[in-house]
Amino acid sequence: MVALPEMSEREPPDPLAHLGERIDKARADRVRRPSAVVDRSAMQQGLGLGLRIGIELVVAISLATGLGWAIDHWLGTRPWGIIVLFFLGVAAGMLNVYRAVSGISTPVGYRRPDGYGQSEDGAGKQPSQAPWDDDEN
Amino acid sequence: MAIELHPLEQFTIERIIPIHIGGLDVSYTNAALTMTIAVVFVTALMVIATRSAALVPGRWQSVAEMLYEFVADMVDSNIGQGGRQFFPFVFTLFTFILFANLLGMIPFSYTTTSQIIVTFALAAVVFILVTAIGIIRHGFHFLSLFVPHGVPKFLLLLLVPIELLSYFIRPFTLSIRLFANMLAGHTMLAIFGGFAASIGVFALFPTGINVLLVGLEFLVAVLQAYVFAILTCLYLNEAVHLH
């Protein structure tokens, strides 16, 4: 765009001159542009994540405890159903929160906004293969 | 118009056209009306936007294109390969919830997403779809979702129920999150509005808070639609690319 006026001063410019350069520049812009988008969406994702994990634990525990109470009610196993399912609910809720926060079981592009922009084609297309494969121990 | 002093009154379901089939009450209510309006608005936006599709988009077309690109980006980066076939579903879900939430922000309108049954129906559709896709794509192997590998056998006895529970909780968290956010926000607005109406001269303070809250509610309305859609994408991703 800056090069345009000085080009027009010379003889009628070849429309194809500098085409390669312009394409390269446009490509570079295209690559650069997502970083701005990512910044915004990183904020969105952070906000979304924060709002979504809050309820995860509460619902898991209350739902599991309610289920335990219902099982007790049907089978007359009071108080074991409510006890067992309460702790299962706590575990399940924490598992969900842990997963939401650590990005396990979410694709690569979701949790790592910083590594997201650089490999533009590959990012996101490559879902995480094995969420449980972090067991080096 | 009198300002409501009953903060929960705004969520009352009213039958507009009473319909009873058999013993079932399938009346057309104000909640159903708001849903209809949301659907009509989304459809109208898309029809108007694409009616005269141009290379250089006009106002409506650029709105529609922004919506499209936003959801397409979300689908691509969260489902990845083979995700585009779910684009219509996610797009419909996102735009519907977005419009339903935003319609609720119009004073004296009805917030249909503040009804748990509405959000639960949406979440149940997502849950059933995700489970069905998982089973269709992977068959019996889909159950391996509940069996973390690399874990000692005796621990599976504990871990499988936990995994099962955390899977079946999904439709509930999905629906309660949206419903609770909308319900709480709108109740809060009504409470501060009620304060302002009842304390006369000092009403400036609660009114000021309400101004801020309205801004927050707009954020929540958009964000909750986004969260719902992105979680749908994540669940779909899990069902499509079984780990």
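**Local features of chains A and B**

Helix α5(B) bends by about 30 degrees at Leu159(B), and a proline, Pro161(B), follows within four residues. The bend at a residue is taken as the angle between axes fitted to the seven residues ending there and the seven starting there; helices are DSSP runs of H or I with at least four residues, numbered from the N terminus. The model is predicted, with local features requiring pLDDT of at least 70 and side-chain atom pairs counting only at pLDDT 80 or more, while totals for chains, interfaces and linings use all residues. Residues are numbered from 1 along each chain as its sequence is written, and chains are lettered from A and ligands numbered from 1 in the order in which they are written.

Helix α5 of chain B covers residues 153-168, 16 residues in total, and its first and last C-alpha atoms are 23 Å apart, close to the expected 22 Å (1.5 Å times one less than the number of residues). Ile162(B), Leu165(B) and Ser166(B) of this helix are buried (20 or more other C-beta atoms within 10 Å of the residue's own; exposed, 12 or fewer; partly exposed, in between; C-beta atoms placed from the backbone).

Ile176(B) lies in helix α6 (residues 170-198) of chain B and is buried because it has 22 C-beta neighbours inside 10 Å. Beyond its neighbours within four places in sequence, Ile176(B) contacts Ile55(A) and Val59(A) (C-beta atoms, placed from the backbone, within 7 Å).

Phe108(B), in the loop between α3 (87-103) and α4 (116-138) of chain B, has a positive phi of about 65 degrees although it is not a glycine. Phe108(B) is exposed because it has 7 C-beta neighbours inside 10 Å.

Key: Helix = DSSP H or I, 4+ residues; strand = E, 2+ residues; numbered from the N terminus. Contact = placed C-beta atoms within 7 Å.
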